[in-house]
Amino acid sequence: MITLNVNGVDYALLVDNRWSLADVLREKLGLTGTKTGCDRGECGSCAVLVDGVPMLSCMLLACSVSGRKITTIEGIGSVGNLDKLQQAFVNNEGIQCGICIPGIIVVSKALLEKNPKPTEDEVKEALSGNLCKCGNWPFIVKSVLEAAK
Ligand code: FES
Ligand code: FES
């Protein structure tokens, strides 16, 4: 049995010791906004915040984060109540296929919490662990910079 606080809601869950946090979020809680692109720590699409720090949920055993506070893309904004980052991505065509975007938004959220006015280089550095196979980088970076205005 593990406990998690996910997006402000407390859960007590029976999970297999081998399950990753990504598996639990997606399969047990139905929070499919967190994407699993590679499932081996290479793409960043599964990033979530663990106590406010971006981490790769495919590389974390769920049992290793028992008792921690998890924020997924579903906890950052919602339809009709977009976070300023999400709105900036809409404004700047920062989204193409979209699979990388939840991880990028989550990592950007943590960046702006720590550094509300990042430079372009700081945005690129923060997102260096996130891959976008659509190659939409100029618009992704522009979106994060707009959200920081
Ligand atoms: S799915 Fe976790 S890093 Fe790719
Ligand atoms: S928008 Fe398609 S992978 Fe990034």
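This is a predicted model: local features need pLDDT of at least 70, side-chain atom pairs count only at pLDDT 80 or more; totals for chains, interfaces and linings use all residues.
Colleague: Which helices do the buried residues of H5 pack against?

Modeller: Residues are numbered from 1 along each chain as its sequence is written, with chains lettered from A and ligands numbered from 1 in the order in which they are written. Helices (H or I, at least four residues) and strands (E, at least two) are DSSP runs numbered from the N terminus, and contact means heavy atoms within 4.5 Å. The buried residues of H5 pack against helix H2 (84-91), helix H3 (101-114) and helix H4 (120-126).

Colleague: How wide is the arc in which the buried residues of H5 fall?

Modeller: Buried means under 20% relative accessible area, exposed over 50%, and partly exposed in between (1.4 Å probe, protein chains only). In H5, which spans residues 137-147, Ile140, Val141, Ser143, Val144 and Ala147 are buried. Seen down the helix axis, they line one face because they fall within an arc, taken from the directions from the axis to the C-beta atoms, of 155°.

Colleague: And which helices do the buried residues of H2 pack against?

Modeller: Leu85, Gln86, Ala88 and Phe89 are the buried residues of H2. Viewed down the axis of H2, they fall within an arc of 160°, so they too line one face of their helix. Their packing partners are H3 and H5.

Colleague: Is Ser57 buried or exposed?

Modeller: Ser57 sits in the loop between strand E4 (53-56) and strand E5 (69-71). Beyond its neighbours within four places in sequence, Ser57 contacts Ser20, Leu21, Ala22, Leu25, Thr34, Cys46 and Val48. Its relative accessibility is 0%, so Ser57 counts as buried.

Colleague: What is the relative accessible area of Leu60?

Modeller: Leu60 also belongs to the loop between E4 and E5. Not counting residues up to four places away in sequence, Leu60 touches Trp19, Ser20, Leu21, Val50, Met55 and Val65. Leu60 is buried, with a relative accessible area of 17%.

Colleague: How many disulfides does the whole structure hold?

Modeller: A disulfide is a covalent bond between the sulfur atoms of two cysteines. Here the test is a pair of cysteine sulfur atoms within 2.5 Å. Cys46 counts as buried at 3% relative accessibility, and Cys58 does at 10%. For disulfides, a search of the whole structure gives zero.

Colleague: What is the area of the nonpolar surface patch made by Leu82, Val90 and Ile95?

Modeller: Patches are made of residues with over 30% relative accessible area and no salt bridge, joining like charges within 9 Å and nonpolar side chains (Val, Leu, Ile, Met, Phe, Trp, Tyr) within 5 Å; a salt bridge is a side-chain nitrogen of Lys or Arg within 4 Å of a carboxyl oxygen of Asp or Glu. Accessible areas come from the Shrake-Rupley method with a 1.4 Å probe, and for residues only the protein chains shown count as cover. Leu82, in the loop between E5 and H2, is partly exposed at 38%. Together with Val90 and Ile95, Leu82 makes a patch of about 240 Å².

Colleague: What is the phi of Asp51?

Modeller: Asp51 lies in the loop between strand E3 (47-50) and E4. With 42% relative accessibility, Asp51 counts as partly exposed. Although Asp51 is not a glycine, its phi is positive, at about 50°.

Terms used. Side-chain values use heavy atoms; hydrogens and water are left out.
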